[in-house]
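Open the model in a viewer and keep the selection panel at hand. The stops below go from the strands to a surface patch.

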Amino acid sequence: MAKMKSQKHNIESAFVLVLFAVFAVTIVAVLALGANSYRKLVERDEESYNRRIITSYVCAKIRDNDSIGALEVGGFTKADTPDGIDTLHMYQNIEGEVYDTRIYYYDNYIYELLTLADNKIDPEAGSPVMEAKGLSFQMNGNVVEITARDAEGREGTMTVALRSGSGVIR
């Protein structure tokens with residue numbers, strides 16, 4: 001009789017160990033699947049963020065400077081003279097002087113530069129804002145279309161309607 005109790009006890013112990021092992025393997029499998037799903041979500045969110053950050057930045061600058069005659073698209077040195085560098089000009093009158101905030105793509109970066117309007121200055125003088133592969137602007141009436149390529153080459157486009165209207169008054 002004692003032998004039977006001992007054998008029964010060994011079978012119960014083995015059953016408990018097998019059950020525990022199955023439970024542990026199941027937990028590890030669920031954690032691995034969850035970690036993989038989380039990694040994919042983070043990568044997708046980062047890609048989406050990187051694709052939209054440049055256009056969102058420029059859009060915010062446009063909305064901040066949206067006043068009658070304050071926005072113009074053109075070349076770097078002068079808005080109505082194309083010179084190879086697609087530039088967004090945002091004009092503002094500060095203490096009687098007209099200043100030009102320029103946003104442009106140059107040498108793998110998006111730059112921002114605040115200078116007196118019509119000032120002849122080199123593109124290197126601006127402050128690099130973020131790394132990119134391209135930035136262009138298209139202005140049709142009171143609508144500005146921004147097209148940007150992030151550092152990985154993914155393209156994003158955003159359209160902004162000016163609430164103040166169009167036309168440059170300096």
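Two strands count as paired if DSSP finds at least two bridges between them; helices (H or I, at least four residues) and strands (E, at least two) are DSSP runs, numbered from the N terminus. This is a predicted model, in which local features need pLDDT of at least 70, side-chain atom pairs count only at pLDDT 80 or more, and totals for chains, interfaces and linings use all residues. Residues are numbered from 1 along each chain as its sequence is written, and side-chain values use heavy atoms, with hydrogens and water left out.

Select residues 87-94 and 97-106. These are strands β2 and β3, joined in the antiparallel sense by eight bridges. Thr87 has Tyr104 of β3 opposite it.

Tyr105 has Ile110 in β4 as its bridge partner. Now pick Asp107: in the β3-β4 hairpin, with two residues between the strands, Asp107 has a positive phi near 55 degrees.

Next, β5. Four bridges connect β4 and β5 in antiparallel fashion, and Tyr111 is bridged to Pro128 in β5.

Zoom out to the whole sheet. It is open, with five antiparallel strands in the order β1-β2-β3-β4-β5. β1 (71-74) and β5 (127-131) are the edge strands, each pairing on one side only.

Finally, select Phe15, Val16 and Leu19. Together they form a nonpolar surface patch with about 330 Å² of accessible area (Shrake-Rupley method, 1.4 Å probe; for residues, only the protein chains shown count as cover). Patch residues have over 30% relative accessible area and no salt bridge, and nonpolar side chains (Val, Leu, Ile, Met, Phe, Trp, Tyr) are joined within 5 Å, like charges within 9 Å. A salt bridge is a side-chain nitrogen of Lys or Arg within 4 Å of a carboxyl oxygen of Asp or Glu. Leu19 is part of helix α1 (residues 2-64).
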